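The following note sets out numbered remarks on the structure shown below. It is intended to be read beside the coordinates.

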Amino acid sequence: MRENKSIENAERAEKIFKEVRRRLYYPPVTDFEISEESGFIFGRRLKLKIGEKDLKLPDDALKGSIALNLNLWASHPYSLKTILLEEFWLRDFEKRSQIRALFDEVVAAIDLLLNRGFDEVLDYYRTRKAEGKQDILLYAFLERIAGGEVSIDESMERKLKEMLEINFLDRREMRLRLNLLRFAKIVDELIETFSPKIKQEDFGEKEMDEALKELARELDQSEFQELCQLIGKKTTGEVKKPEKIWYMERSRKYSIYIQPYSMTGSLYPSEIREFEFDGSVEEFSPIDSYGKLIPGIAKKYAYDDFEGRDFSIPDAVVVIDSSGSMADPSKSISYAVLGAMAVARNYLENGARVGVVNFSNENISIPPSRGERVFDAIILYQGGGTHLDVEGLKNYLRDAGGVDVIMITDGGIENIEEVSEFTSQLNSLTVIWIKSDVSSDEFSKRIKKILKKNVNVFEVKNESDIPSIAVKRFVEVFGRC
Amino acid sequence: MGFREIYEFIQMTLFFGDETLQVGDKKYNPLILFTIITSIMNGKELILGEYGSGKTTSAERISCLTKYLPLEFIQAATIHGHPEQTEEKIKATLDLGALEKEGKEVIKWKILPFSPSIIIDEVNRLPVGKQSMILNEIDRNIWSYRGETLIFSSGKAFFGTINYQDAGTTRLIPPLLDRFDIAVETSILHPVRKRLVRRGIDDSILRDAEFSEEIIKYIMDSSISERAREIEKYISEVSDEFRSVLERRIREEGYNIHLPDAKEMERIRDEIYSMPISPDVELLLDYIGQEVYCQLGINKDYSKCQGCHYTNYLCSDIFSISNRAEKSIFTYSKALAWWNEDGEVDIGHLIAVLPFALWHRTSISDRKLSEVREKEKDVSDEFFAVDDAIKKVKRRWEEHRIYQIEALNHLKKGEYDEIEELFSLTGHPFFKSLLRS
């Protein structure tokens, strides 16, 4: 008997779940299971838990409950990124997780009511048992939105009026933030302890990494660091190297043009084409022409560079100045680091390796390689004097072989004469001159000393100059040393 | 209807792959499903994958089961892309005997123009000019050589396979890629399916060497332009004959599958074409269509995206959606709705088709590719990037759908000020586009 009941329940839940999914345009929650409490199962695939209590609700109320849960992933908050951002905005509120969860529920519910005509959500609120003052306010609010009335006490009525002034459906980032803060002030004192359905802690390390990367692309450096600290306090571990994540993600915005090698060697027969009257007899292919010289039948070889020609990107070495005159990447935005990361990432994404020579008091270098260590070496800040160990660099480049060299500096190199003499011997050099870090005219004078025929200089005063960086070569591949 | 059972049969016995395509509440193996649909609709499909991942095999086997011709015949009609392919090797040649002895130009057509399913293996290894020639002729099913022309009434399905870029491959140029309705990748295999593949797949059910030789001989003996209709009729007859053979063989394997005949196929195509479209599908397509346009000028260039107000929209992720692409999206969405036995084309069908119809034919911005390249996935970066971009548009659309309906109502009444207000509220190009007079 009991078994029959649970089969019946499962079938009913499945039918309703499918209907709600279709009406909500197939949100990413593709499966469900019946459980003691309602909520979600996080993991590779997001699954809805339909609580046994909810199964006792009439059909329409159950539809409303499922729709509300699914709409959290179809409409708002939609992703962990939004959850983190919202809790970051609420950082001054102790009950920020609860406020955030309640706010998200309000947005999802209003969206259902007003945007999607999903009136069953009201049936859910009408039948569920309120578990705190916040639930009473929320129910009254939704009834009022739908044109109904619920009698509440005067202080609640005041709060309700304030809530009605918020346009919860305006989710442009600026508005969302203001709405959330206004809402927080209204409900803060009302909120009694409850456990949000979606919590930061429910997500795995991978999801957290992805969300942080997305946020790094949107927030400025200091905000991002602050957000990482906040997450660190809440989750098991600290966010490692937030400044590195920020620079790495920010650098994804920029594509650097890297001129590929072109081959200008001999030509080889590559394709059979129609033989034309003005064609050279040497190109005529008697076999493919069936031995005939008839228009349309006669064929010739077309010549081209041989198959498998190399359009690959070579390895690169980033020579980056991390002296005291350069911006410290952990304290303020460093265009040197951002530019270097953009250059390195573009080489790495094209399959090349990147070496780094980080110079200040000494040259700290890693050989051309792939992976995280490249970015670690770029972001390393020595903060000392500006002396480039030319002998060391010479040896390094000799070992590295034919590589592109990209130097990033503000120009304040103390031994500029020696550096200039060495760089003039290179086939080509790209210099990214961080003008924003130039603190005296002397630096400008020094940078001019390395300007030779083989050197391409790009001036970076702010972030918008980064996309103009291009790595060009001055010799063809066969002309390389 | 036989094709759903054919799908099951292929998935169980002839070509293994994971069911990663979600259409509404159902899941399918995208390669098998789209290849069957392409066969039914006589569309064009590009199959991408690594060496030996089953690109050509899948197209050949599925073609046998949908066009009812022996595997050896389909294989004989398959063209292998390489730079030295010529029209004479692919399409037709002069009868050299007649030319030598009688001085007459008699054109002898090859098997290809008569085959109802054309497969070009490694289509990207054909030089661009030849890719273009073949695709043009398949598109129209009109074949020309030295002044003679064959015009066929029945359609053809076309499959091009392609290895991921490596040395020696020519890139397919965008106008050619745009000819392919859909592009599917061979998937990563589940370990259990891998085991089955290791043991070898018995495709003898599809083979008939003698029958294939007979068909090829018939075509070769009579392959002059004047007898083209006769050959076309012959192919249709032998196909019907082999259909019964296949049905019997499949039955012997324990599957009771009815293979639709030519008339039933026609009816299926009609059913698909007449599948109703839900208004939401039109709304979402309108929305996407406007979002992909560059708002900073018709000559689109991703470098303009830096600092642009619309930088988070689809326009900064993918280059364009051509008219051909919209047509493919429509046709394949209808086919998916028909396949699922749903009453109309809804958002679920559309969202399932969109990435498959777009990822091969549009360039994706470096920024978008960079965003997704380090994410875990079991599809290519390009496919994932387009899929991700589409999901984000869908979410925006769900937010703006109600305003979109409102704006269209205002448009009917000529209330442009109200549309202007909706544009300033949403900031979305769709609303701006309604203000263009």
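In which loop of chain A does Y25(A) lie?

1. Y25(A) lies in the loop between α1 and β1 (31–35) of chain A. In this predicted model, its phi is near 60°, a positive value in a residue other than glycine. Most residues other than glycine have a negative phi, and most peptide bonds are trans. Y25(A) has 20 C-beta neighbours inside 10 Å and therefore counts as buried, the cut-off being 20 or more.

2. A positive phi also occurs at Y290(A), where the angle is about 55° although the residue is not a glycine. Y290(A) is placed in the loop between β5 and β6 (299–304) of chain A. Its surroundings hold 16 C-beta neighbours inside 10 Å, so Y290(A) counts as partly exposed.

3. P77(A) is found in the loop between α3 (59–74) and α4 (80–89) of chain A.

4. Which residues have the most contacts inside the largest nonpolar core? They are V318(A), V319(A) and I378(A), in a core of 235 residues. In soluble globular proteins, nonpolar side chains tend to be buried together. Once neighbours within four places in sequence are left aside, I378(A) is in contact with V318(A), I320(A), V337(A), A340(A), M341(A), A344(A) and V356(A).

5. Strand β11 (residues 429–434) of chain A is mostly covered, with 6 of its 6 residues buried. In a regular strand the side chains alternate between the two faces of the sheet. Both faces of β11(A) are covered: one side carries the buried residues L429(A), V431(A) and W433(A), and the other carries T430(A), I432(A) and I434(A), which are buried as well. Strand β10 (residues 404–409) of chain A runs parallel to β11(A) and is joined to it by 4 bridges. Within this pairing, I408(A) stands opposite I432(A).

6. V431(A), in strand β11 of chain A, may be examined individually. It counts as buried because it has 20 C-beta neighbours inside 10 Å. Apart from neighbours within four places in sequence, V431(A) is in contact with M407(A), I450(A), V455(A), N456(A) and V457(A). The C-alpha atoms of V431(A) and V405(A) are separated by 8.5 Å, and the two residues are 26 residues apart along the chain.

7. Helix α12 (residues 242–251) of chain A is largely enclosed by the rest of the structure, because 9 of its 10 residues are buried. The buried residues of α12(A) include charged ones, namely E243(A), E249(A) and R250(A). Also among them are P242(A), I245(A), W246(A), Y247(A), M248(A) and S251(A).

8. Chain A is divided into domain 1 (1–202), domain 2 (203–251), domain 3 (268–304) and domain 4 (316–479). The C-alpha centres of domain 2 and domain 3 of chain A lie 62 Å apart.

9. For chain B, the assignment gives domain 1 (2–266) and domain 2 (279–434), whose C-alpha centres lie 32 Å apart. Contact between these domains takes 21 residues from domain 1 of chain B and 22 residues from domain 2 of chain B. On the domain 1 side, β1 (21–23), α2 (30–41), α8 (174–177) and β11 (182–185) of chain B each supply at least two residues. By class, that side has 14 nonpolar, 3 polar and 4 charged residues.

10. How many residues of chain A are in contact with chain B? There are 28, and they are in contact with 29 residues of chain B. Of the elements of chain A, α1 (2–23) and β5 (268–274) each supply at least two residues of the side that touches chain B. The residues of that side divide into 8 nonpolar, 8 polar and 12 charged.

11. As to confidence, the predictor gives the complex an ipTM of 0.87 and a pTM of 0.91. The mean pLDDT of chain B is 92, and 98% of its residues reach 70 or more.

Conventions. Residues numbered from 1 in each chain as written. Chains lettered and ligands numbered in written order. Predicted model: local features only at pLDDT ≥ 70, side-chain atom pairs only at ≥ 80, totals over all residues. Contact = placed C-beta atoms within 7 Å. pLDDT = per-residue confidence, 0-100. Core = buried A, V, L, I, M, F, W, Y, C linked by C-beta atoms within 7 Å. Buried ≥ 20, exposed ≤ 12 C-beta atoms within 10 Å, placed from the backbone. Domains from an automatic or database assignment. Pairing = 2+ DSSP bridges.
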